[in-house]
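Reader: I have a model open and want a quick tour of its packing. Can you walk me through it?

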Amino acid sequence: MLLTLTTTHRPATDLGHLLVKHPDRAHSFDVPVGTAHVFYPEAGEQRCTAALLLDVDPLRLAGVRGKGRGRQPAPTPDSFTLGRYVNDRPYAASSLLSSALSKVYRSALRGESRERPELARTPIPLEVRVPVLRCRGGADVAVRMFGPLGWAVTAAPIPLDERHPEWGDSRYVDLTLTGTLRVADALNHLYVLLPVLDDAKHYWVAPDEVDKLLRAGAGWLADHPERDMITRRYLAHRRALAGLALARLAERHPTDEPAADEATGDGTTTDGATGEGGQATARRASLAARRREAVLGALAGAGASRVLDLGCGGGALLAALVGDRRFTEIVGTDVSTHALTLAARRLRLDRLPERQRDRIRLWQSALTYRDDRLRGYDAAVLMEVIEHVDPPRLPALEDAVLGHARPATVVVTTPNAEYNVRYEGLPAGRFRHADHRFEWTRAEFAAWVDRVSTTYGYTAAISGVGDDDPEVGAPTQLVVLTRKENP
């Protein structure tokens with residue numbers, strides 16, 4: 001089975017530093033089911049490709065299946081008498097390839113590169129190719145898994161027999177992913193999702209697999225729209241382990257906050273669960289949840305009923321708005337049609353009663369351009385949006401929202417850069433998310449608020465979301481801008 005990783009970053013041969021595998025040599029590694037080889041079919045300044053080839057020994061594979069830590073062998077994708085010896089495992093990408101990837105690219109998965117540490121933290125253009133991938137549920141499942149992570153996904157079904165097209169497609173796809181991501185993120189996506197798409201692990205799934213999943217899924221799994229399916233499949237449908245993993249994911253912060261935030265004391269709420277001695281146990285309310293609550297509270301305080309969620313992404317805030325009857329008209333906009341598709345799926349628009357569905361609109365719209373459809377609404381929300389805009393383009397966003405759409409209330413949230421020192425896993429000078437173009441201190445945010453409120457005729461009330469640190473403030477900054485009657 002084969003997986004290739006290509007970059008056009010220049011010099012492209014820096015890929016060797018990121019993977020810690022020199023392009024001028026072939027590398028071989030012994031793994032429990034055979035031998036993994038890493039080599040470079042091409043290695044130039046403009047384009048470099050690293051190939052991971054796993055040579056599976058069926059006899060060794062059968063031995064691994066039979067171990068099971070004293071339990072029954074792990075399930076095979078095709079159950080018949082000789083299934084342990086005669087199967088597609090040597091040919092189709094699966095959990096076997098995922099395990100080999102974790103051994104061969106261990107440092108790269110952690111985002112470590114002694115020679116290119118800055119590049120390891122930088123998104124670069126990547127293309128991943130898996131020519132034969134067993135994909136339970138068809139090509140659409142591959143799109144649903146990788147699409148929300150920033151990949152452009154091509155999953156071409158492989159026919160059963162090219163000479164007999166009438167036989168239809170096989171259970172395999174030829175998968176190609178393209179995107180601009182950190183190499184570590186790309187590898188962690190593959191490590192988790194290859195066995196998820198295959199939906200059959202080659203070894204017994206023990207409780208420590210929960211930790212592996214959460215470690216590899218840090219920063220993206222908690223907010224993935226297919227989080228539940230990913231968790232169940234990765235943990236081989238073991239209900240108790242999946243339940244544990246989902247409970248722990250529910251306590252984590254979203255993709256715009258570092259995973260290390262769990263240890264920062266960002267605030268807890270008691271959910272009524274009891275621990276030893278009947279004492280109530282505190283469960284951390286995620287910063288994402290507290291942010292949504294703060295936004296909903298601001299909208300309620302403004303008396304808004306017709307609301308715009310600008311830059312709605314996958315629809316997390318939209319779902320909260322839909323659940324509150326005081327909001328009679330809800331519009332979500334995003335420049336990405338794929339994000340709007342995900343939002344529609346999250347809201348289950350196709351299943352909502354007509355009366356509920358009529359409250360909701362999803363529109364493609366760029367926030368840096370005037371859009372007449374956005375005029376006349378009670379309120380607009382820019383929740384964790386402005387920091388994704390290049391600073392030279394911010395005046396265009398300000399004009400489009402505050403100058404042209406001009407809602408009565410505008411709610412804006414953005415990270416507080418000063419709070420980043422409380423994230424132990426976040427290196428100094430690095431933003432909380434790879435796509436952030438800036439992160440403001442409290443003084444910088446206040447200066448921006450003063451400028452836009454004066455320019456466009458709004459009053460402003462600034463507050464924080466999350467526990468307020470006496471030295472660095474709250475992790476999230478929030479402002480409610482209220483339009484003056486006669487600016």
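Predicted model: local features only at pLDDT ≥ 70, side-chain atom pairs only at ≥ 80, totals over all residues.

Reader: Start with the seven-stranded sheet. What is the strand order?

Author: The order is S12-S11-S10-S13-S14-S16-S15. The sheet is open, and its pairing is mixed.

Reader: Which strands stand at the edges?

Author: Strand S12 (360–364) and strand S15 (458–465). Each has a single partner strand, so one side of each has no neighbour in the sheet.

Reader: How many degrees are neighbouring strands turned against each other?

Author: On average 15 degrees, with direction ignored.

Reader: Which helix packs on that sheet?

Author: Helix H13, residues 337–347. H13 touches strand S11 (329–334) and S12. The direction of H13 makes about 165 degrees with that of S12.

Reader: Now S13 and S14. Parallel or antiparallel?

Author: Parallel, over five bridges. S13 covers residues 379–383, and S14 covers residues 409–415.

Reader: Which residue of S14 does Met383 stand opposite?

Author: Thr413. Leu382 has Val412 as its bridge partner in S14.

Reader: Is S14 buried or exposed?

Author: Mostly covered: seven of its seven residues are buried. Both faces are covered. Thr409, Val411, Thr413 and Pro415 are buried on one side. Val410, Val412 and Thr414 are buried on the other.

Reader: Helices next. At what angle do H15 and H16 cross?

Author: Roughly 50 degrees, and their axes come within 11 Å. That angle makes H15 oblique to H16. H15 passes H16 in a right-handed crossing. H15 spans residues 394–405, and H16 spans residues 442–456.

Reader: Which residues meet there?

Author: From H15, they are Pro395, Glu398, Asp399, Leu402 and Gly403. From H16, they are Trp448, Arg451, Val452 and Tyr456. By class, this contact has five nonpolar, one polar and three charged residues.

Reader: What about H8 and H10, how far apart are the axes?

Author: They are 10 Å apart, and the helices pack at an angle of about 35 degrees. H8 is residues 208–216, and H10 is residues 239–250. H8 passes H10 in a right-handed crossing.

Reader: And which residues make that contact?

Author: Val210, Asp211, Leu213 and Leu214 in H8 meet Leu241, Leu244, Ala245, Arg248 and Leu249 in H10. They divide into seven nonpolar, no polar and two charged.

Reader: Last one, H3. How many of its residues are buried?

Author: Seven of the 10 in H3 (residues 95–104), so H3 is largely enclosed by the rest of the structure.

Reader: Which ones?

Author: Ser95, Leu96, Leu97, Ser98, Ala100, Leu101 and Val104 are the buried residues of H3.

Definitions and conventions:
Residues numbered from 1 in each chain as written. Heavy atoms only, no water. Axes fitted to C-alpha atoms, helices over the stretch in contact; angles between N-to-C directions. Helix = DSSP H or I, 4+ residues; strand = E, 2+ residues; numbered from the N terminus. Parallel < 35°, antiparallel > 145°, perpendicular 65-115°, else oblique. Left-handed = near helix turned anticlockwise from the far one by under 90°. Contact = heavy atoms within 4.5 Å. Nonpolar A, V, L, I, M, F, W, Y, C, P; charged D, E, K, R; others polar. Pairing = 2+ DSSP bridges. Buried < 20%, exposed > 50% of the residue type's maximum accessible area, 1.4 Å probe, protein only.
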